[in-house]
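Thank you all for coming.

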Amino acid sequence: SGAALDLANKTCASYGLQPVNFSPHSDPREDYPELQPRFGASYSVNRTNVVRFSAGKYAQPASTAYQQFNTTQPNFIALNQPFYATGFRSPSHRIYPEESYNADASWEHQFNGSDASFKLTPFLRQTKNELRSMPQDARSSNVVSAINVGRKNVKGVELAVQKGDLNRDGLYAGLSYTYTFARVKFDRFANGTDNTTALNNAIAQYNAYTKYCTLTNPGDARCRIDTGTATYLAGVTSRASAPIASYTSTGAAACFTPSGAPDPACAPGSIANPYWNMPVQNLFDPNALYPAYNAYSGATRGTGSNQTYVAPHVLTLIGNYKRGRFNVTPTVQFQGGAQYGRPLEVAGIDPARGCSALNPAAPAATTGSDPRYPAPQAGAPYDASTCAAGIAVPNPFAGRFDGYGQYTEPNKLAANLSLSYDVSTRATIRLDLVNVIANCWGGSNVPWRRGGKFGCDYTDAPYVSNFYNPGDVIQPYVAFPYAPNTGSVFQSATAGQANPFQLYATISVRL
């Protein structure tokens, strides 16, 4: 009712907030006209050399399911809250088609007096309105929408070499190699924020617990939160910034009481803030170029994709020996250089959310040699079993928040063999030996690297972080923030672990 809305607005105003500016009405129609001119040309230099060129604009429309999110009941929180943070103010969303401007050239050469040839193709693609996935269910990623986040630049080169003829007796060999380099630059959303805003707010929240931000440099940009999204449920869209402490109920201090109140004196019973003496962390540059991820981190731990979907180096080798009715075909596939890593991969205890001391009766308590603290400091160590919440914290193995593409996946090699024999013009026997060789090696030298067939692809793990007490036994499964991917390989550039050897026998009869 109007009276209820007026009361809600007055309540928001009493807290210095603004009411949510949201319309339940959707646009009656969404149109996205696109003109897509294209051009191609080829020139025969001589009988053994041909040069080709093509350029054009291409558009890929977004899924129609992305254009509107709503519920039968007037529930703003259910589906529209994630979109509100990026400037959408109704269930209708203008999700523009991805537009790419492509150009490539090729040089094709046939060696004189030989059945050998090669083709060299450099390529370039500039994309605007790049789409980023947005999971709509915090408990799973099965309900997914997308928004336009920025511009992507993809460039690389392809080389294809072949010798022989697959249709004739004798040897044939074909090799292809592709190098791809892809980076994304974020655009501003409708409300002035961008894809780094919520991420940087989470880092600023951590920084607020450090001595650097609380005592010595509270005006540092790394100690301030962007109010464009910090209180977006209240409709605050100002681009001004303010110290993050003003958006928490506690501020920060060297110690906290079990009720979450700051205690600079570190009285008996208060816990020592484990981040007090930690270094301040840098924010992510909104103008930087980032590896191409399907989804980028939001404001909380575990959001966003864990790896890029682009493997820079991909090589395929196909051989064939044909003798009458008999064929032998070995194949080899290699890929390397894929990147993984996510900024908000690690969660640590929130010292202002209900942590009790391990020994509250101890007088003049200090952290001593507690491994959860960087150095001895006043205050009692916390009892992790009592801490009720967590915040995003730096990866302790790196000493900072991980970057996108922070680590390199291992190289992956797979080799197969196919044998076939034409029994007659109507029947063929075929034997396929798959993954005769399947192994991984290399990649970043990190503590969680396993190597071999099991460690080809790394994903996030349920890392214990500092949610433990001294003396607790930490199981290997939770000892690191990343672990080999043994489950779903959805959106994985390296397709999980090396697959086992497989054997297939087939008899084909043509009637």
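By a disulfide I mean a pair of cysteine sulfur atoms within 2.5 Å. This is a predicted model, in which local features need pLDDT of at least 70 and side-chain atom pairs count only at pLDDT 80 or more, while totals for chains, interfaces and linings use all residues. Residues are numbered from 1 along each chain as its sequence is written, and side-chain values use heavy atoms, with hydrogens and water left out.

The structure holds four disulfides, and, if we count bonded cysteines along the chain, their pattern is 1-2, 3-4, 5-6, 7-8.

Let me begin with Cys 255 and Cys 266, whose sulfur atoms are 2.0 Å apart. The torsion about their S-S bond is about 95°, so this disulfide is right-handed. Cys 255 is buried at 0% relative accessibility, where buried means under 20% relative accessible area, exposed over 50%, and partly exposed in between, with a 1.4 Å probe and protein chains only. Cys 266, at 15%, counts as buried too.

Next come Cys 355 and Cys 387, with their sulfur atoms 2.1 Å apart. Here the torsion is about 130°, so this disulfide is also right-handed, and both cysteines are buried.

Finally, Cys 440 is joined to Cys 456, with an S to S distance of 1.8 Å. The torsion about this bond is about 95°, so the disulfide is right-handed. And are these two cysteines buried or exposed? Cys 440 is buried, with a relative accessible area of 4%, and Cys 456, at 0% relative accessibility, counts as buried as well.
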